Structures are given as C-alpha cells and as structure tokens.
Amino acid sequence: MCGNNMSVPLLDEAATVCGSETETAAVIFLHGLGDNGDGWASALSNFHLPHVKIICPHAPSMPVTLNMGSVMSAWFDLKGLSPHTAEDEAGIKKAAESIKAIIEHEAKNGIPPHRIILGGFSQGGALSLYTALTSQLQVAGVVALSCWLPLHRTFSGASCGARNIPILQCHGECDPMVPKEFGELTSRLIKTIVNPEMVNFKCFCNLAHSSCPQEMDEVKKFIEQYLPRI
C-alpha cells in the first residue's frame, strides 16, 4: 500500500517502511530539529510489525532563530527552549496542517485515522501533540518523546475527537535541552485537556536529549496495544 504520494509534498521523499503483509495501520513519526526521518524509520522498523506502515517525513529547511538564523530542517521556527519563550504560531499551525494532510492521504488509501499513531521526538513530538489535539481526525494515539505542547499559553482545549486519545509521553531525567520539568509541566497541562487516565508520562534515568532501548520498548508496547492486528 505504499502508493502514489505526489499529492502530499511531505510524502514525496519521506522515509517509508512498508508492511510485509496487508497494511491495516500506520505510524507517522516526526524527527527533531536539524534531523531527518531516516534514523527513526530504521529504529521503528526494528519493531517488526508486519501490518504497520511506517512514515517518517523530512521537515523542510528554514532559518531557525534559536540557532542564530542558521538554515536547517525544522517543522517550525524555534525562538527558544523555555516555557516562556515567544512561539512561531503561524509556523506551528501551518506545520500541523501538513501533518493532517498525511493522515488524510492515508485515510483515502485505506488506513483510517483511528488506525494511525502520530509520534515524534523533540520538536517533532511537540508538533505531533499539537496536531493530534487540535485535529478533528481522531488518531489511535500519540507518542511524544522529549517534547512539549506548542502554544500552551493560549491553548484553548482539545478537539472533541481528541479528548480520549491515548498519549505516551517519555522524557530523559538528564535532558539539558528540554528539561524534564518542562515535560512534567506539559503532562500536567495535557491532563487538563484530555482524559487524564489516557496520559502516561514516563521518565528514564541517565537519559539526556535522546532515546534509549528501554524507552523504545515502551513505544513498541504502546503501538502494539493501540494498533493491534485485525
């Protein structure tokens, strides 16, 4: 089912791993600032879930304020990494629409939103959270690694379809870029937006701003739970 992607720009060059049998589910995973989707596609393919299609798009290149205007892959501009920093509202909303377009494309090709998990790391995780919580397309769940909720100061609430969405949020205890406290604040906020029983926040000792085998084990369990074979 890895078919024609020409109508969705982010899918043209996305790192995509097709299932080894009929695809009845998908994971759309978004990389962090300055990265691309290749490494995450490889890592997720190690789960060996034959019915799951893995889609890891590459963010466009743009100047990033946080890095003194250097051009790099980014889902939206980042002006800083604290809860009080000004945010690129227009860029965040535009990026969310581009991810919704991928979900809609997969739905047209036979994988409905409720069979899609949206996930990401750092900036990609932030975009995944924002997209899932604001979209009328109810996805199966969200994997949010080492991230935060964008536009949290003005976030008006989740869409009707997102109030019971399962969310796995993971964070490193020693993260120097997006501190654990920021992740905890995000978790507390999310629990006021959606059903708190559906939010699971896990911390990992000695983990900085990266992933680890134990974290990936949790991600695999989450995917297996919410995207079972049918």
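User: Why is phenylalanine 155 called buried?

Analyst: Its relative accessible area is 16%. Buried means under 20%, exposed means over 50%, and partly exposed is anything in between, using a 1.4 Å probe and protein chains only. So with 16%, phenylalanine 155 lands in the buried class.

User: What kind of model is this?

Analyst: It's a predicted model, where local features need pLDDT of at least 70 and side-chain atom pairs count only at pLDDT 80 or more, while totals for chains, interfaces and linings use all residues. Residues are numbered from 1 along each chain as its sequence is written, and side-chain values use heavy atoms, with hydrogens and water left out.

User: How do you know how many helices and strands the chain has?

Analyst: They're DSSP runs, numbered from the N terminus: a helix is H or I with at least four residues, a strand is E with at least two. By that rule the chain has five helices and nine strands. Read from the N terminus, their order is β-β-α-β-β-β-α-β-α-β-β-α-β-α.

User: Why is threonine 22 called exposed?

Analyst: Its relative accessibility is 61%, so it counts as exposed. Threonine 22 sits in the loop between strand S1 (15-17) and strand S2 (25-30).

User: What makes phenylalanine 29 and tryptophan 40 an aromatic pair, and which kind are they?

Analyst: Rings of Phe, Tyr and Trp (its six-membered ring) pair if their centres lie within 6.5 Å; planes under 30 degrees apart are stacked, over 60 edge-to-face, and the rest tilted. The whole structure holds five such pairs. In one of them, the ring centres of phenylalanine 29 and tryptophan 40 are 4.6 Å apart and the planes meet at 35°, so this pair is tilted. It links distant parts of the chain, with phenylalanine 29 in strand S2 and tryptophan 40 in helix H1 (residues 38-45), 11 residues apart. Both phenylalanine 29 and tryptophan 40 are buried.

User: How do you know what kind of pair tyrosine 130 and phenylalanine 155 form?

Analyst: Their centres are 6.0 Å apart and their planes stand at 80°, which puts the pair in the edge-to-face class. Tyrosine 130 is in helix H3 (residues 123-134), while phenylalanine 155 is 25 residues away in the loop between strand S7 (141-145) and strand S8 (167-172). Tyrosine 130 has 9% relative accessibility, so it counts as buried.

User: Which residues does leucine 137 contact?

Analyst: Contact means heavy atoms within 4.5 Å. Setting aside neighbours within four places in sequence, leucine 137 is in contact with Lys100, Ile103, Glu104 and Pro113. The C-alpha atoms of leucine 137 and glutamate 104 are 8.2 Å apart, although the two are separated by 33 residues along the chain.

User: What makes the phi of methionine 68 and serine 122 worth a look?

Analyst: Most residues other than glycine have a negative phi. Methionine 68 isn't a glycine, yet its phi is positive, about 55°. Serine 122, also not a glycine, has a positive phi of about 55°.
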